[in-house]
Amino acid sequence: MRHLVHAEWTKFRTVRGWVVGMLVAIPLTVLVGLLGPLGSQMNCVGPDGRPCAGNVPPTGPGGEAVHDGFYFVHRTLTGDGTITARVRALSEDAEPWAKAGVIVKDGTESGSTYAAVMLTGDHGVRMQHDYTSDIAGPQSTAQEQWLRLTRTGRALSGSTSPDGEHWTTLGTVQLDGLGDAVEAGMFVSSPEHVEITRGFGTVDATGGPTSATTTFDEVDVDGDWSADWAGTNVGGPSGTDTGHTDDGGRFTITGHGDIAPLVPDQGSRGRTVENALIGVFAGLIAVLVVATLFVTSEHRRGLLRTSLAASPRRWRLFAAKAAVLGAVSFVTGVASAALAIPLVQAVEEAKGMFLFPASPATVARVIVGTGLLFAVAAVLALAVGMVLRRGAGTVTAVIVGVVLPYLLAVASVLPAAPADWLTTVTPAAAFAIQQTNPEYPQVNGSYTPADGYFPLSPGGGFAVLCAYALVAVVLAVVALRRRDA
């Protein structure tokens, strides 16, 4: 087997066109990725060329970009303590994720650690902390809820009651970044109302800021509390009236904004790692063409007979070809992604665009995943070429199967449902391996391929491509055994 692999590698590297084709895939990936940021510019840029402060969202304790805007009626709590309050239901027209409840937060700066128990517009009682974590409470039809938050050291325990007598514990969370003195009290938030309608080649987005108002009473605190109740518009004003009134311990609070992770949909100005890899489809086309020619050129010229004469076990010959082509394609994919990500992101940052944070491990997974995408797609093209034995037909088939569904899905050519379907059942599902941002049930986002969200997980999408490649390889080996070269 080793001599077959060596022979196929020698064959590959001695054909200049194949080597050049693989090398071209790398700058092609980078250049196509650069087209978007080079033709764009943020509207708000400071005197130093950096984005204006309003364009850079706060960062949560986990390093993720977050929304952190709400109206906060608070006092300072030092050490352990408890706050209990009864909150009236939000109005029927409130946003589904409008929130009103009690919160303990490490200061009033956006992005600081917190835990909160809340009543939402349409999702019942929840306990949330540090923006990404969400715990659902018991279902209830009551028009009011008693909410309680208890601090013991760095631990926060949330409870709810429909009557103030019978309490249900929602959960206990550990906030390692919590200081001794914290701000605790009542809050109201209401996220922007956004409606995105997708048609064939069209995307319409409507909406705007919203506010919510509710009343808190039966407010009771226990522990070392200092100062009087004060109101703070966390996150700053955004054009929506907010504030509170205190009528002898009955607080009416109006708030806007959201306390949640920021998701990179088409309504945000942020750029993700996937955005830097939009040119991968172009590099992949070059790899698929080379993979096709690697087998169909031998059929066309009759050279495959010579190879088969040297290796009567035909499956071993195909395996050697697949090993060489897969390895070369993997290296090409890794190099393409490793160059495209820093270069494209450097231009995006210079243009004043906000970059969604991604951990080094996530970036490494995307780079290696791109290499695997190139490798398996190339083996798929090799197998299809072995079956069809025609270069033009094979190139057309693999591009239509792998690349075209991806382009239709991410370019907003199709509505969301057909785009999800294409990136579920076709080999294009493997592009999910580049997804870096999770979906959050507690955020009403636009979770479509056009926004960087695929219906399958990174591993699940890649498995779909592997399944197609496996079927094609079996058919190729059967065809190679049954017919004359």
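In the hairpin formed by strands β14 and β15, four residues lie between the two strands, and among them G248 adopts a positive phi near 60 degrees. Helices (H or I, at least four residues) and strands (E, at least two) are taken here as DSSP runs and numbered from the N terminus, and two strands are said to pair if DSSP finds at least two bridges between them. The model is a predicted one, in which local features need pLDDT of at least 70 and side-chain atom pairs count only at pLDDT 80 or more, whereas totals for chains, interfaces and linings use all residues. Residues are numbered from 1 along each chain as its sequence is written, and side-chain values use heavy atoms, with hydrogens and water left out.

Strand β14 (residues 243-246) is joined to β15 by four bridges, and the two strands run antiparallel; within this pairing, H244 has I253 in β15 as its bridge partner. On β13, five bridges link that strand to β15, again in the antiparallel sense, and here A212 stands opposite G255 of β15. Because four of the five residues of β15 are buried, this strand is largely enclosed by the rest of the structure, where buried means under 20% relative accessible area, exposed means over 50%, and partly exposed lies in between (1.4 Å probe, protein chains only).

Strand β2 (residues 70-88) is also mostly covered, with 14 of its 19 residues buried. With strand β13 (residues 212-234), β2 forms an antiparallel pairing over 14 bridges, in which V87 is placed opposite F216 of β13. Strand β10 (residues 181-189) runs antiparallel to β2 and is joined to it by eight bridges, with L77 standing opposite V182 of β10. Strand β7 (residues 144-152) likewise pairs with β2 in the antiparallel sense, over eight bridges, and the partner of I83 in β7 is L149. As a general point, side chains in a regular strand alternate between the two faces of the sheet.

Charged side chains were examined next. A salt bridge is counted where a side-chain nitrogen of Lys or Arg lies within 4 Å of a carboxyl oxygen of Asp or Glu, and by this rule the count comes to eleven. One of them is formed by the side chains of E144 and R86, at 3.5 Å from N to O; this pair links distant parts of the chain, since E144 belongs to strand β7 and R86 to strand β2, 58 residues apart. R86 counts as buried because its relative accessible area is 13%. The side chain of R86 also meets that of D217 in a salt bridge of 2.8 Å, N to O, and this pair too connects distant parts of the chain, with D217 in strand β13 and R86 in strand β2, 131 residues apart. D217 has 7% relative accessibility and therefore counts as buried.

A further salt bridge is formed by K99 and D258, whose closest N and O atoms are 3.5 Å apart. Distant parts of the chain are linked by this pair, with K99 in strand β3 (residues 99-105) and D258 in the loop between β15 (251-255) and β16 (259-261), 159 residues apart. Both ends count as buried, because K99 has a relative accessible area of 1% and D258 has 11% relative accessibility. Salt bridges that share partners join R86, R88, E144, D217, E218 and R250 into one network.

Helix α8 (residues 391-410) contains 20 residues and reaches 28 Å from its first C-alpha to its last, close to the expected 28 Å at 1.5 Å a residue, the expected span being 1.5 Å times one less than the number of residues. The buried residues of α8 include T394, V398, V402, Y406 and V410. After α8 comes S412, whose phi is positive, near 60 degrees.

On the surface, V20, V24 and L28 form a nonpolar patch with about 200 Å² of accessible area together. Patches are made of residues with over 30% relative accessible area and no salt bridge, like charges being joined within 9 Å and nonpolar side chains (Val, Leu, Ile, Met, Phe, Trp, Tyr) within 5 Å; accessible areas come from the Shrake-Rupley method with a 1.4 Å probe, and for residues only the protein chains shown count as cover. L28 is found in helix α2 (residues 16-38), and because its relative accessibility is 30%, L28 counts as partly exposed.
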